[in-house]
Amino acid sequence: MAGPVIELQTTAVAVGGEMVARDPEGRVVFVTGALPGETARVELYDERSRFARASVIEVIDAAPGRVSPPCRHVGRGCGGCDWQHIDVSVQTELRRSMVADVLARDGGVVDPVVETGEPLAAAGLRTTVRGTAGADGRFAFRRRRTNQPVEVDSCLVAHPLVEELVAEGRFGRAQDVTIRVGARTGERMVLTSPSTAGVRVPDDVKVIGTDQLRKGRRAWIHEEVAGRTWRVSAESFFQASPEGADALVREVQQLVDRWAPEHTRLVDLCCGVGLFAGSILSEEPGQRVVGVERNASAVADARHNLADEPVRIVKVALGKWQPSNAQVVVADPARSGLAREGVWAVAETGAELCVLVSCDPASLGRDARLLGEEGYRHAGSRTLDLFGHTGQVEVVSAFVRDLQS
Ligand SMILES: C[S@@+](CC[C@H](N)C(=O)[O-])C[C@H]1O[C@@H](n2cnc3c(N)ncnc32)[C@H](O)[C@@H]1O
């Protein structure tokens, strides 16, 4: 059922990628499909007492930076990318300003230094896509705001090895379909839930169902990042693209070189398959690294990937970890952020530098405030566009312990 239609003006970008406006009563409205500084007719689809959500149905006065979505599936309702109507360079600046705003407002950081990091292509990089099986078992993304499938035969943001499976694969009646590739090794994998019934893909593709994972079967691909080969299993996290992962490693390494070049002990919190534990190098001999991770699949991969390195992987949830001493903590938590228990763990290591890799600006704001309470001063952030054509952003921040506090 259609909601009420009103006209309003957007002012700023909100965390998550919607634009902020106010309705005639002064209530905040989060608008999808807009840019800051636009006048538009919008349809309200979620009304609460303190705020509402709306989507643009007609732009009356467009802001500079509005473009026609480059992917034809946006017009068909595909919910995969929410910023295709925004020019790519404007997307980059909006992500930067979103992060600066949240650090100032929620993080309590005065005049935060937030820069844009090295540029990454907006299209053709993503090595993992998640969707469902639509009509005839074709790959489908979810329609915006619903669970309905939108079958697609191409994907602008996906790596070509992924896109080929999006176009040609058949996925039976799977509720969830994950396509994942190693862009630099050429290896490909499809994970379907609840089973692999009806899946048809080329012979080179490893196919596994969540029913088989539950029975202990495993499947993995390999990817190359930061000069190493990484085993990545079906249930392990890996960054959105090898180019993005390389950029993250370079950003983290630069901060470590600047603030703690002589460290010998590093902790990688939420280490996944060991990306930072195995890539961040000290100039000092005898470096020892501890990785902390709770996911069994990622722990097995990390131990395999770093078997020849002076790295110990501890399988434990952050809140139960007994912190070991370190001069540097690199933390790359899930969307919920480090939260109080993670920040406590950082502080207990005694580290002088915490490099926080955040995939959600809202949790970055909360973590920045908590780190501040533990004496860690925000020394700068850089944004990376790992998720082109979306309002998502990856942020690498340095927090330096102020021994005076
Ligand atoms: C964003 S990923 C980062 C992984 C890795 N740093 C990388 O770059 O590939 C977050 C990781 O944190 C792990 N994780 C989430 N919550 C955790 C917790 N409470 N304790 C330990 N690990 C956790 C997840 O399993 C996941 O591997």
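Residues are numbered from 1 along each chain as its sequence is written, and side-chain values use heavy atoms, without hydrogens or water. In this predicted model, local features need pLDDT of at least 70 and side-chain atom pairs pLDDT 80 or more, while totals for chains, interfaces and linings use all residues.

Student: How far apart are the C-alpha centres of domain 1 and domain 2?
Tutor: Domain bounds come from an automatic or database domain assignment. That assignment gives domain 1 (5–66), domain 2 (89–121 + 240–401) and domain 3 (128–221). The C-alpha centres of domain 1 and domain 2 are separated by 33 Å.

Student: Which residues have the most contacts inside the largest nonpolar core?
Tutor: A nonpolar core is a set of buried Ala, Val, Leu, Ile, Met, Phe, Trp, Tyr and Cys residues joined through side-chain atoms within 4.5 Å. Buried means under 20% relative accessible area, exposed over 50%, partly exposed in between (1.4 Å probe, protein chains only). The largest core here has 51 residues, and the most contacts inside it belong to Leu269 and Trp321.

Student: Which helix gives the most to this core?
Tutor: Helices are DSSP runs of H or I, at least four residues, and strands are runs of E, at least two, numbered from the N terminus. At least three residues of the core come from each of domain 1 and domain 2. With 5 residues, the top contributor is helix 1 (residues 88–105).

Student: At what angle do helix 1 and helix 7 pack?
Tutor: Axes are lines fitted to C-alpha atoms, for helices over the stretch in contact, and angles run from 0 to 180 degrees between N-to-C directions. The axes of helix 1 and helix 7 (residues 361–373) lie 8 Å apart, at an angle of about 35 degrees.

Student: Why does Asp46 count as buried?
Tutor: Asp46 sits in strand 4 (residues 39–47). Beyond four places in sequence, Asp46 contacts Phe51, Ala52 and Arg53. Asp46 counts as buried because its relative accessibility is 18%.

Note on methods: Contact means heavy atoms within 4.5 Å.
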